[in-house]
Amino acid sequence: MPGVPSSRGCDACRKAKKKVQSSKPCDQLKPVCSRCTRLNMTCVGSGQQRYKFMSNKLDGRRTQGQSALQPTLSTSRVVFVGRPAQLPSTDTDQIAANFVEALQVTDIRYAIVYYGLFFRDIPRRLGKSAVLDAAVKAISAASPFLYTGTNSPTALARYGQSLRALRECLNDAAEARTPNTLCAVYLITICQSWLGRYDDSLTGHAEAISHLLKAAPLHEWNSRFELEMVLTMCIPVILEGIVNPRVKMDPAFWELASSFKDRMSTSQENRPKPSTEYKHLALFPSFVQNPDANLPEIENAYFRLKTDAQVMRQHLGQVEQLTPPSFSSPAVVAHSQAQAAYTMVSTLAVLTNSLLRIFDSFNFTLVSECIVLCDEIATQAELATCYRPLGSAYMPLCLTVAWAALKDESRLTQIEAIIAEYQSDFTQVPWMSRAHWLASTFDSHRVRVASEMASLHSSGVVNAQTNMAASRERKQLPVNPESCCIL
């Protein structure tokens, strides 16, 4: 093969060996040809090529405190000496190459496709949008944080550059309405959660996403990339809407999102769960902010969620594995997905249960069901620690809802300990502050409703229907978006 020494060594080394009339192996002779010098090749006495095996292990700091069931995984690579790979020829090629390298990670603990399957289509869209290019460069530079837990100066600089590019892009009305800009905002939101940067003017990126979704010509979007991206963005919009009354999407948007989901569906998918359809999830911000006017819907949602949780628990039991062979195996991915679905539905059930108990504090059936659901969330959160940081990144949110719903000190202490373990993954996200915010919201509703009921009873009005009508006329509970910014 051209450019590679023969099995007997290069010509220059063989000639040098003859000249010195020595029996020394030619690996003790300094290579004299430019080819050997360029390839850093040496010959051993029998003419064999020498390869070096290098072991790469993940940073130990990222695995401390994880489940004892988690196997210690390491990867080995063999470095073959040969012709170097062709380097990207343009800046766009280099950006795409770096992002593809991050996408090639299949270990569910570090696979960034956790944030959306549409990530796989991003490389082909590069070179057409300055803000998307900047956001991709930022997330590629920040991705090593998932392994090391530390941020490099390059990552922080790229994050700042992406913010500047975004501000310039938003000044162009036409560019701001494109899929590339919406994708860039989402990538910047992810970087913000990794880098812990909350000192820029875009403090509510999920609110920015909601505004862009309202302005975008969604009816004209048809590609799989666009449909998957919009469906993925719905989740942070719903979560932000729970604590930020400025985030409000019209019912027509949720109908459109549901149609997107139908277009993405295949015959192989499981039958849809009514409790997890977007048109139902979109009601949760109104449930939390104004439960009085939504009490019948909250009750219906609770019974749907309980039924779905039981079905999902059975499915989870079928795929549970105590000792996963590989964090990239399909079996482990299936288990992680089933665990996430069950835990999230259980969390929504706890949320609706807590809202119902505002109006019926002494309903012991609701109290006992809430305890069972919270215990399940805590159990699954402990089992899912082996999938940190990304494979179980949703768990802290579930734990905060469980903490806000409980009053039992021993259970609260247990959940706080689990939250503290997850907190080490993304230290800047104030999970306990969010738990306190939600608990205080429940308490405020409870005190207000009790006060209203007492006032009605003291006035001699005891008819239950009259009480409900009076409660619905009350003003919506004010919230402080800055106290809890769920991204």
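Guide: For a pair of helices, the axes are lines fitted to C-alpha atoms over the stretch in contact, and angles run from 0 to 180 degrees between N-to-C directions. Helices (H or I, at least four residues) and strands (E, at least two) are DSSP runs, numbered from the N terminus. In this structure, the axes of H10 and helix H11 (residues 251-264) come within 10 Å and cross at roughly 130°. Angles under 35 degrees count as roughly parallel, over 145 as roughly antiparallel, 65 to 115 as roughly perpendicular and the rest as oblique. H10 is therefore oblique to H11.

Visitor: Before we go on, what kind of model is this, and how are its residues numbered?

Guide: This is a predicted model, in which local features need pLDDT of at least 70 and side-chain atom pairs count only at pLDDT 80 or more, while totals for chains, interfaces and linings use all residues. Residues are numbered from 1 along each chain as its sequence is written, and side-chain values use heavy atoms, with hydrogens and water left out.

Visitor: Which residues of H10 and H11 make the contact, and what is the handedness of the crossing?

Guide: Contact means heavy atoms within 4.5 Å. From H10 the contact involves Arg224, Leu227, Glu228, Val230, Leu231, Cys234 and Ile238, and from H11 it involves Phe253, Trp254, Ala257, Phe260, Lys261, Arg263 and Met264. A crossing is left-handed if the near helix is turned anticlockwise from the far one by less than a right angle, and right-handed if clockwise; H10 passes H11 in a left-handed crossing.

Visitor: What is found in the loop between H10 and H11?

Guide: Pro245 is found in that loop, and at 25% relative accessibility it counts as partly exposed. The C-alpha atoms of Pro245 and Gln289, 44 residues apart along the chain, are separated by 8.1 Å.

Visitor: How does H8 pack with H10?

Guide: Helix H8 (residues 179-195) and helix H10 (residues 224-243) have axes 11 Å apart and pack at an angle of about 40°, which makes H8 oblique to H10. Their crossing is left-handed. Pro179, Leu182, Cys183 and Tyr186 of H8 meet Phe225, Glu226, Met229, Thr232 and Met233 of H10.

Visitor: Why is helix H17 described as largely enclosed?

Guide: In helix H17 (residues 395-405), 11 of the 11 residues are buried, so this helix is largely enclosed by the rest of the structure. Among the buried residues are Leu397, Cys398 and Val401. H17 packs with helix H18 (residues 409-423) at an angle of about 160°, their axes being 10 Å apart, and the two are therefore roughly antiparallel to each other. The crossing of H17 and H18 is left-handed. On the H17 side, Met395, Pro396, Leu399, Thr400, Ala402 and Trp403 meet Leu412, Ile415, Glu416, Ile418, Ile419 and Tyr422 in H18.

Visitor: Which residues does a cis peptide bond join?

Guide: Most peptide bonds are trans. Here a cis peptide bond joins Arg388 and Pro389, with omega about 5°, and Pro389 lies in the loop between helix H16 (364-383) and H17.

Visitor: How would you describe the protein as a whole?

Guide: Its secondary structure comes to 20 helices and 2 strands, and buried residues make up 48% of the 487 residues. Of the contacts with a separation of 6 or more, 74% are between residues 24 or more positions apart.

Conventions
Buried < 20%, exposed > 50% of the residue type's maximum accessible area, 1.4 Å probe, protein only.
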